[in-house]
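Reader: I have a model open and would like to learn how to read it. Where do I begin?

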Amino acid sequence: MHIKNKQLAIRRVRDLRLIASAVFFLYSGFGIYLATFNNFAVGVIHMQPEQLGVLEALREFPGLAMAFVLAIAMHIAEPLLGCAALMLLSAGFAGYSQTENYAPIVFYSVVWSVGLHVWMPLQSAMTLALFDEHEKGKRLGQMGAYAGLGTSVGIVLVLIFTKSVSFSTWYMTASALVMVSAIMVLFIRRDLTPPDKPRMVLKRKYGLYYALTFLEGCRKQVFITFAVYAMVREYDASLKAVAMLMLINNVTNLLAAPVVGRLIDRIGEKRVLMTSYAALIFVFLGYALIQDLPVLYVLYCLDSLLYLSTYGLTTYLNRIADSRDLVPSLSMGVTMNHVAAVAVPLVGGFLWGALGYQAAFIGGAVVVVISLNLVRRMIIKPEPQCSQ
């Protein structure tokens, strides 16, 4: 028994290293995309706000189908499915390198988005499966730190070689890094989660989780779609300035992610989420009302930092869900999140055209107020009673 436990521990450490390495390489490639896309969209594609809204809506559309896609593939081992997903992501970035026109960019964005949205619940489920109940928040935070480190590496590459590397070369590099990630995932053991998982889960007892992930999709998409784009279009932020902002943002998140994870384990997701949402109200209002670019940089970083609190949504689901429900429930959460994510870029793009970009951020503040009120309904995990 001792030998068997030792072997299991060795396998668990090996799988953790593989997942962490895969996350690092994936987000190194994604960091290149994040640092270059808005300048690529404005300077090369000449994308208008309405076009950006349509692009983001279509790019997020695959998230709507994730519960159904993963239901079909639920009996495929997560590492195999994850490898296929990351190969799609790699192919989408490779496609970016071959065009400078709007329609192909939309197509390739949908391709890589399918891969990313299949991967997200798989990464969470595999991470949660490797660790005990009392350290799941901590481990999710550590994975967030590896993602932040990888993103920072990608951004630093852009900063160093801004003037000497073309957008085409950047996207081929991003594609290659994600392909390395796909290969690593292939070597993770394939029995991490129960083989008899239900194909699809939509249960009333997970209703609060679904509602909060839906609202999180609204909140997140406002910043993802319009925050950096507004800096570039309205305030002429340069590629170097955007890349530096992304670097500062990701280094901060790299350091903060494990801390937030441990905080969730220590005081519970309800308190962490309530504090985060209360602060986000002021972040959104500030972004709408303040027209000073350095202040907007700070608010952007604050939004990303506070986004780390959403680990609490995953740990909350893990706490209330049956083990066999976890992967399909996470994928249903992705679907709920993207019901909002598809609509928000379209609505926000047209609001920008009619009322200015500020309207989208005021709407985001309203969404956060609603989220704050819903979090108050979370049941706090009871403290264990000490025996006398």
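Author: Begin with the order of elements. Read along the sequence, this predicted model follows the pattern α-α-α-α-α-α-α-α-α-α-α-α-α-α.

Reader: How many helices and how many strands does the chain have?

Author: The count is 14 helices and zero strands.

Reader: How do I read a single helix?

Author: An α-helix has 3.6 residues a turn, so residues three or four places apart point the same way. Take α4, which covers residues 78-96 and has 19 residues. From first C-alpha to last, α4 reaches 27 Å, close to the 27 Å expected at 1.5 Å a residue.

Reader: Why is α4 described as largely enclosed by the rest of the structure?

Author: Buried means under 20% relative accessible area. In α4, 14 of the 19 residues are buried, so the helix is largely enclosed by the rest of the structure.

Reader: What percentage of the residues of the chain count as buried?

Author: The figure is 57% of the 388 residues. The chain still exposes about 16600 Å², and carbon and sulfur atoms supply 66% of that area.

Reader: What share of the contacts joins residues 24 or more positions apart?

Author: Among contacts with a separation of 6 or more, such pairs account for 90%.

Notes: Residues are numbered from 1 along each chain as its sequence is written. This is a predicted model: local features need pLDDT of at least 70, side-chain atom pairs count only at pLDDT 80 or more; totals for chains, interfaces and linings use all residues. Side-chain values use heavy atoms; hydrogens and water are left out. Helices (H or I, at least four residues) and strands (E, at least two) are DSSP runs, numbered from the N terminus. Buried means under 20% relative accessible area, exposed over 50%, partly exposed in between (1.4 Å probe, protein chains only). Contact means heavy atoms within 4.5 Å. Accessible areas come from the Shrake-Rupley method with a 1.4 Å probe; for residues, only the protein chains shown count as cover. The expected span of a helix is 1.5 Å times one less than its number of residues.
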